[in-house]
Amino acid sequence: MVAVLTVLLIDCIAGIALFSFIQPVTRSRYEELASLPIDAEKIVQEGETSE
Amino acid sequence: MMTTESTLALAIFLATVLFLLWRPKEINEAIPPAIGATLLYCLGIVSFTDMRYVFDTVTGASITIISTMAMSIVLESMGFFRWVAFNLVAKSEGSGTRLYWNVILLCFLTTMFFNNDGSIVITTPIIIEIVNILELTPRQQFPYLLSGAIIATASSAPIGVSNLANLIALKIVGVDLITHTKYMFVPSMMGLITISILFFLYFRKDIPLRIPAFSRVCMLLYRRNIHNYDRPPKHDHPPKHDHPLANSKKQAHSINWVMFRVYMTVIIVVRVCLFIFSYYGIPIEGVAALGALIVILIRWCSQGTGISDVLKKTPWHVFIFAFGMYLVVYGLHNAKFTDLIIQWIKEPVSANLGNAILIIGILVTVMASLFNNHPSIMLGTIIITNMGLAQNYFQIAYLAIILGSDVGSLILPSGTLASLIWMFILKNNGIAVTWKQYIKATILIIPIGLLVSLLSLYWWTLLIS
């Protein structure tokens, strides 16, 4: 029984870690990410213009 | 002196392995073992009783895998994988490197919580979603897909319940779960860390430093308010360029949180029941099948979706492969090949602990790579059980078998059922990965990871004994 409970405990820790890990980022962080400049496209466009 | 029976068994085994590796005209990997098994039965090398034994062994594992697949398909149909993919994309913050380590961590934790096969059927669709959302090229996709699959499978070594093959061996050898974890956690973690770093270095040129589509994706996801934040978004800039998420409501829908909670509750309850019921000797495949049935019934009642997608998306050929290959190997055992192997390795294995770990680990790796880890675990445990080893050597040899079976078996896709299921999921999603592409990366990295794990097992055993 001790063996089963120990492995169950490890499993619970893994489960909590997994579900914490897959949670979304906060709204404010999303706002920051969403307001990032779309730099790569600009670089490509600028490259094409200069060519 | 070889008898006619053992010569035939060996010839059929070699032909099966040859055709499996060669696969002329890309024949399905289940065909060579199925033909080999049929021949063995027709020639009387394996009996009907042997077939029953193998069927019982493989059926348990197969039902558990099918049940996990059914739950996974239901989760996929409610948009759960897409939701997780969005979250990991946001957490990567546009860095390909950060995304790589996030994928590794996701696969590791999923295997620790479920098992290796379950982890493959859950994490592969998530990684496919991620690479599609970020519009990565096939060359950029491969590092994430392959590393994720390898880590998902290899992460089953630290705790006994993460792999059905481990459970079979635990039962035969009589090692308890605590002893397994005590001895295996550190060595297998060393192997996992080595493999993750080596894959990162191997694919460093294909992993993008910055992901060009990231900013656009984040803006689109934010505008669609996919996480149902209570306030409407402040920024609402229209996208300058089209993205798959921009044009399809289906692509970025938010998930039904009520149903999500119901499904997750069922899955967690089933997981806990697996431990409790196995303690009382109730077969875990029964619990897993019941859980899958409940999840399918809930979906049928709430959404009216039947079972057809589950039937269609289940890789039935993988179970034919497992059954056929197991039977071919059983034919070798019947023809006394295990006795031959015992004669060859008994003396060096008994000489010292380091020899025992390395020889058994490498032997099982070779066997698992050639004919899958399930039958090779069976042969490995038969070999060490009949070798007359001292108790401490016996237990450590068993742990070396687990490392060979869980880590070493990843050199070829046929080494584990999880790898075959992975290839099947990729094919279903229109991603073509050949055996050559797979082996080109694994042949360099897996042997090093295995060696690190085996040497760590040796040193760790000396340290804690």
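In this predicted model, helix α5 of chain B passes helix α7 of chain B in a right-handed crossing, where a crossing is called right-handed if the near helix is turned clockwise from the far one by less than a right angle, and left-handed if anticlockwise. Helices here (H or I, at least four residues) are DSSP runs, numbered from the N terminus. Two packed helices are described by the angle between their axes and the distance between the axes. For α5(B), residues 96-113, and α7(B), residues 138-154, the angle is about 30° and the axes are 8 Å apart; the axes are lines fitted to C-alpha atoms over the stretch in contact, and angles run from 0 to 180 degrees between N-to-C directions. The two helices α5(B) and α7(B) are therefore roughly parallel to each other, since angles under 35 degrees count as roughly parallel, over 145 as roughly antiparallel, 65 to 115 as roughly perpendicular and the rest as oblique.

Residues on α5(B) that make this contact include B:Leu99, B:Val103 and B:Phe108, and those on α7(B) include B:Pro143, B:Tyr144 and B:Ile151, with two residues taken to be in contact if their C-beta atoms, placed from the backbone, lie within 7 Å. By class, the contact of α5(B) with α7(B) holds ten nonpolar, four polar and no charged residues; Ala, Val, Leu, Ile, Met, Phe, Trp, Tyr, Cys and Pro count as nonpolar, Asp, Glu, Lys and Arg as charged, and the others, Gly among them, as polar.

A second pair in chain B consists of helix α8 (residues 164-173) and helix α19 (residues 391-406), whose axes come within 11 Å and cross at roughly 165°. That angle makes α8(B) roughly antiparallel to α19(B), and α8(B) passes α19(B) in a right-handed crossing. The contact is formed by B:Ala165, B:Asn166, B:Ala169 and B:Val173 of α8(B) together with B:Tyr398, B:Ile401, B:Ile402 and B:Ser405 of α19(B), and these residues divide into six nonpolar, two polar and no charged. Among the buried residues of α8(B) are B:Leu164, B:Ala165 and B:Leu170, a residue being buried if 20 or more other C-beta atoms lie within 10 Å of its own, exposed if 12 or fewer, and partly exposed in between. The cover over the buried residues of α8(B) includes α3, α9, α18 and α19 of chain B.

Helix α18 of chain B (residues 373-385) contains B:Ile384, which counts as buried because 27 C-beta neighbours lie inside 10 Å. Leaving aside residues up to four places away in sequence, B:Ile384 touches B:Ile360, B:Leu389, B:Phe394, B:Ala397, B:Tyr398 and B:Ile401.

Chain A has three helices and zero strands, strands being DSSP runs (E) of at least two residues, and buried residues make up 12% of its 51 residues. Chain A averages a pLDDT of 70, pLDDT being the predictor's confidence in each residue, from 0 to 100. Within chain A, confidence is highest in helix α1 (residues 2-21), at 83, and lowest in helix α3 (residues 39-50), at a mean of 47. The mean pLDDT of chain B is 85, although pLDDT stays under 50 over its residues 232-252. The model scores ipTM 0.79 and pTM 0.84.

Residues are numbered from 1 along each chain as its sequence is written, and chains are lettered from A and ligands numbered from 1 in the order in which they are written. Local features need pLDDT of at least 70 and side-chain atom pairs count only at pLDDT 80 or more, whereas totals for chains, interfaces and linings use all residues.
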